[in-house]
Amino acid sequence: MPSSRSANVARSASSRDAGAGDDSAHVETFARDRLPAAEALPEFLFELPELQFPARLNCAAELLDRWVERGEGGRLAVQGHGGTRWTYAELQAQANRIARVLVEDMGLVPGQRVLLRGANSPMLAASWFGVVKAGGIVVGTMPLLRARELVAIVEKAQVSHALVDSRLAEELDLARPSCHTLREVRQFGGAGAGGANGSGGAGGGSLAPALETLAAAKSATFRTVDTAADDVCLLAFTSGTTGVPKAAMHFHRDVMAACACWPPHVLRATRDDVFIGSPPLAFTFGLGGLLAFPLSIGASTVLVEKATPDVLLPAIAQFKATVCFTAPTSYRAMAGQLAKDAAAHDLSSLRKCVSAGEALPAATRQLWKGATGIEIIDGIGSTELFHIFISADEAHAKPGATGLVVPGYRAAVLDDEGRELPRGQVGRLAIKGPTGCKYLDDPRQASYVQNGWNLTGDAYLQDTDGQFVYQARTDDMIISGGYNIAGPEVESALLLHPAVAECGVIGRADEARGMVVKAFVVLRPGHAGDAAMVATLQEFVKQTIAPYKYPREIEFRTSLPRTETGKLQRFRLREPA
Ligand code: 3UK
């Protein structure tokens with residue numbers, strides 16, 4: 001640890017009421033010291049009775065230990081590739097062993113940041129709980145991140161420890177020379193994992209024994225560190241497009257608050273449900289939907305690696321999954337595959353489907369319903385607020401709208417001066433609730449949080465039914481010839497045309513009109529991207545929505561740039577080809 005940091009820790013430890021692990025000799029207050037100042041925080045609402053949290057709370061104890069203590073340890077908790085099936089007791093035992101490796105072999109002290117890296121798997125889930133049980137702070141990383149992005153994360157979070165799936169170790173190995181705070185790295189899932197020597201597999205330069213080998217030698221018991229409800233347990237990095245990444249801090253309480261709001265009020269899953277889906281556990285959409293939410297009700301989860309649509313469909317059938325979490329484009333692609341061969345996959349177990357990450361086009365909702373009979377539960381969430389705050393269950397689903405505010409939260413549409421707009425008018429979406437934005441030491445806190453509201457950066461309107469209707473990211477509104485045009489509305493119109501597989505709409509700078517609406521279109525197989533198709537699609541949009549919104553330019557592509565979380569990267573479409 002650099003000496004400047006030690007000095008800082010010493011100073012803050014004496015000046016602060018240490019939260020985590022009062023029973024431990026030493027605690028790092030790095031995260032606590034870098035919380036936004038009180039006046040920069042959003043207003044927090046804890047009105048619901050289920051949001052009355054005790055002062056001491058460790059979310060791993062709530063989500064995992066509790067079931068074993070209650071005699072439910074024999075219930076199935078998590079499944080994965082290669083036949084892994086762990087009960088709550090088995091998952092707890094593995095997490096306990098990993099916590100012991102972290103503390104006894106790797107010297108972890110509560111409050112230190114532990115980088116986790118791996119595709120979704122039972123071992124990644126056990127590692128997540130191992131860190132949180134030991135009072136550490138999880139720093140999740142998206143599987144596709146490159147060395148330079150990992151360096152930025154390690155620096156920002158002052159990461160000292162890492163647990164890495166050996167198949168993703170290479171980029172971290174490349175990053176290592178620039179990661180001065182990173183002292184202890186162990187790999188899991190390698191060829192030697194669980195064996196006697198266990199070098200940790202592929203990643204060069206790693207001589208430490210594999211995590212599984214170290215864990216196997218430990219006792220399966222571990223006393224979960226007694227943390228404060230407002231100790232940080234997670235740093236969730238936002239998928240920002242430029243510059244220094246932002247780290248959204250989440251308390252133990254935030255994880256449990258998320259479990260208490262959207263899941264019981266909108267999703268309404270039961271303890272017999274089998275959850276499955278695609279979002280990585282490094283993304284809070286995945287962490288909630290595929291780990292915290294199922295375990296909060298004693299249900300089970302299937303952690304599938306790289307759950308692209310062609311992997312997810314057979315996995316739903318194989319595991320008889322009942323609740324699915326994925327992004328709109330994934331539902332669209334899966335519906336396309338089912339249209340080709342409906343009998344190829346037995347989806348009869350599936351009963352609830354959740355979409356988030358970007359707006360769900362009405363056409364995609366319709367296609368999925370046609371293919372499966374299931375009405376998708378759409379929901380908007382964010383990394384800053386941990387999970388979904390506006391959503392609609394099957395009965396309230398309204399094509400083209402995101403839904404109603406989730407119990408526990410308040411939502412408003414504000415004008416540029418921060419005044420609430422009447423229904424029907426487009427403005428900035430503003431949210432308050434039990435969770436809220438707390439960036440780690442970041443001036444950008446002041447743009448996300450204003451006057452106690454979390455401003456998500458989305459342009460929305462509230463319709464006469466109270467439903468919130470997404471327009472666009474506020475930066476993505478297209479202003480053309482004096483009109484405001486929301487790209488996603490034009491995309492939704494294009495997606496209704498049978499020749500369109502995928503599309504993205506942006507504003508291209510234009511001398512005469514300020515911006516012109518430009519569409520990038522991926523056609524379904526068997527259609528030609530020629531001048532006739534351009535004219536056909538333009539005419540189709542004019543017949544579907546107000547004609548001035550039609551795309552004056554259409555460019556055909558074979559694919560569109562997307563993030564790992566399924567979001568269209570509009571900024572990349574704006575770059576000159
Ligand atoms: C957009 C949506 C319209 C919107 C997320 C569920 O996506 C999540 O978090 P991110 O921080 O992005 C947040 C932004 O994504 N968005 C997400 N869902 C929708 N837009 N309709 C939707 N249903 O711009 C929002 O501000 O990556 C989603 C749960 C947890 C999450 N972190």
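**Note on the predicted model**

1. V138 stands opposite L234 in β7. Strand β4 (137–141) pairs with strand β7 (232–237) in the parallel sense, over two bridges. Two strands pair if DSSP finds at least two bridges between them. Strands (E, at least two residues) and helices (H or I, at least four) are DSSP runs, numbered from the N terminus.

2. This is a predicted model: local features need pLDDT of at least 70, side-chain atom pairs count only at pLDDT 80 or more, and totals for chains, interfaces and linings use all residues. Residues are numbered from 1 along each chain as its sequence is written, and side-chain values use heavy atoms, with hydrogens and water left out.

3. The open sheet has six strands, in the order β6-β5-β3-β4-β7-β8, with mixed pairing. β6 (184–188) and β8 (247–251) stand at the edges with a single partner strand each, so one side of each has no neighbour in the sheet.

4. The ligand is surrounded by 23 residues (a heavy atom within 4 Å). The closest are D378, G379, T383, D458 and K567. By class, the shell has nine nonpolar, nine polar and five charged residues (nonpolar: Ala, Val, Leu, Ile, Met, Phe, Trp, Tyr, Cys and Pro; charged: Asp, Glu, Lys and Arg; polar: the others, Gly among them). β13 gives the largest share, four residues.

5. A polar side-chain atom of D378 lies 2.8 Å from a ligand nitrogen atom. A backbone N or O atom of G379 lies 2.7 Å from a nitrogen atom of the ligand. For D458, a polar side-chain atom lies 2.4 Å from a ligand oxygen atom.

Note on methods. Polar contact = N/O pair within 3.5 Å; in protein donor to acceptor, adjacent residues only side chain to side chain.
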